[in-house]
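User: I am new to this structure and would like to know what lies behind the terms used for it. Please set each value against its definition.

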Amino acid sequence: MTIVFKVSENVGKKMTEYYKNVRREKTPPYAVFQAVEADTIITLYESGKAMFQGISADIDANIWVDMEKKLNGRVIDINEPKKEKEKYQEELNYFYSMSTIGSDEVGTGDYFGPIVVTAAYVDKEKIPLINDLGVKDSKKLTDEKIKKIAPTLLKEIPYVTFTLNNEEYNKYQSMGYNMNKIKAILHNKVLYALTHKEEKYSYQKIVVDQFVYPRKYFEHILEATEKVTDITFTTKAESKCASVASASIISRYIFLMKLEEMSKELDLEIPKGANDIVDEIGKEIVEKFGMSKLNEIAKLNFKNTDKIKEALK
């Protein structure tokens, strides 16, 4: 993917500063600089034209589209001439032609239950098996289908999973960590663990579903002593990349198992999501076990907590 548009002088100066640590030593003729961030090559020319090349070019370009609108009131349309369906198919073919490591998480939108993050390695030779199992984004599969295919994935592909319980999540929140920072920390954790296993995997790309701009992602993990930085960020990665889809299903399966364990422990059917049914169950939990129980099993910064407290007055 290639995106080109002209930037204003003030935005060009900000771009030059922003990419100063990832610039290439050699630049094309008439270029102010050329830089590489993740999978995107960024070139700013003396004419003011900025070129973004790579699978995630639209993500990087949008940073400066937003900046132009904010600083100069300019609205820039960077839509590719290709139809969205054709663009999607191109990216689908791109990722499904190679061996990849991918990571994905579940539980970030659920009041009850942990956040589960998984990194999985899928060799391209395993992709036919992945397709036969019907692996795709876990959000598009029923719980029953997840429970059916996940055990096979667990046996057939290498993976690393980390489960963040809600007591730990609430501690992160109290430290001022937002959800994107928590997700970035956990993705980095499982990706590092998988890429540094004793057994070495012949992957061509590490793919992460885009949930924040790449630069912000790396800011979030700045304090980590062990990092994975060679990452391809792309939107809807779980529907384009076999390893991300597999990671998504494994994470969802573990999440469902945790909810079942919690349901048995509390003798209540613990629901997914953050809806009115969740509020009713939360109220019942507090009545039976006290408010302290919510700190163990719920994400307290969700609005559900206030609704539960209000219902108990």
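Analyst: K293 forms a salt bridge with E265, with the closest N and O atoms 3.3 Å apart. K293 lies in helix α12 (residues 292–297) and E265 in helix α10, so the pair ties together parts that are 28 residues apart in sequence. This is a predicted model, in which local features need pLDDT of at least 70 and side-chain atom pairs count only at pLDDT 80 or more, while totals for chains, interfaces and linings use all residues. Residues are numbered from 1 along each chain as its sequence is written, and side-chain values use heavy atoms, with hydrogens and water left out.

User: Why is the pair of K293 and E265 called a salt bridge?

Analyst: A salt bridge is a side-chain nitrogen of Lys or Arg within 4 Å of a carboxyl oxygen of Asp or Glu. The closest N and O atoms of K293 and E265 are 3.3 Å apart, so the pair meets the limit of 4 Å. Side chains of opposite charge can pair when their charged atoms come close.

User: Are K293 and E265 buried or exposed, and how do you know?

Analyst: Buried means under 20% relative accessible area, exposed means over 50%, and partly exposed is in between (1.4 Å probe, protein chains only). K293 has 12% relative accessibility and therefore counts as buried. E265 has 55%, so E265 counts as exposed.

User: What makes E265, K293 and E296 one network?

Analyst: K293 also forms a salt bridge with E296, the closest N and O atoms again being 3.3 Å apart. K293 and E296 are 3 residues apart in helix α12, so about one helical turn separates them. E296 counts as partly exposed because its relative accessibility is 38%. Salt bridges that share partners join E265, K293 and E296 into one network.

User: How many salt bridges are there by this rule?

Analyst: The count comes to 14 salt bridges. One of them is between the side chains of K272 and D143, at 2.8 Å from N to O. K272 lies in the loop between α10 (242–266) and α11 (276–289) and D143 in helix α5, so this pair ties together parts that are 129 residues apart in sequence.

User: What does L256 touch, and how do you know?

Analyst: Contact means heavy atoms within 4.5 Å. Not counting residues up to four places away in sequence, L256 touches D143, I146, K147 and K272. L256 is in helix α10 and is buried, because its relative accessible area is 5%. L256 and I146 are 110 residues apart along the chain, and their C-alpha atoms are separated by 9.1 Å.

User: What makes K145 part of a positive surface patch?

Analyst: The positive surface patch is formed by K136, K140, K145, K148 and K236. Lys and Arg count as positive and Asp and Glu as negative, with His and the chain ends not counted. Patches are made of residues with over 30% relative accessible area and no salt bridge, with like charges joined within 9 Å and nonpolar side chains (Val, Leu, Ile, Met, Phe, Trp, Tyr) within 5 Å. K145 is found in helix α5 (residues 143–156), and K145 counts as partly exposed because its relative accessibility is given as 30%.

User: Why are N188 and E68 called buried?

Analyst: N188 has a relative accessible area of 4% and is therefore buried. E68, at 0%, is buried as well. N188 lies in helix α7 (residues 179–195), and E68 in helix α2 (residues 57–72). Leaving aside neighbours within four places in sequence, N188 is in contact with Y217, I221, A224, E226, K227 and V228. With residues up to four places away not counted, E68 touches K6, V7, S8, V11, G73, R74 and I76.

User: How many helices and strands does the protein have, and what makes a run count as one?

Analyst: The protein has 13 helices and 9 strands. Helices (H or I, at least four residues) and strands (E, at least two) are DSSP runs, numbered from the N terminus.

User: What share of the residues is buried?

Analyst: Buried residues make up 50% of the 313 residues in the protein. Among contacts between residues at least 6 apart in sequence, 70% join residues at least 24 apart.

Key:
Accessible areas come from the Shrake-Rupley method with a 1.4 Å probe; for residues, only the protein chains shown count as cover. The place of a charge is taken as NZ of Lys, CZ of Arg, CG of Asp or CD of Glu.
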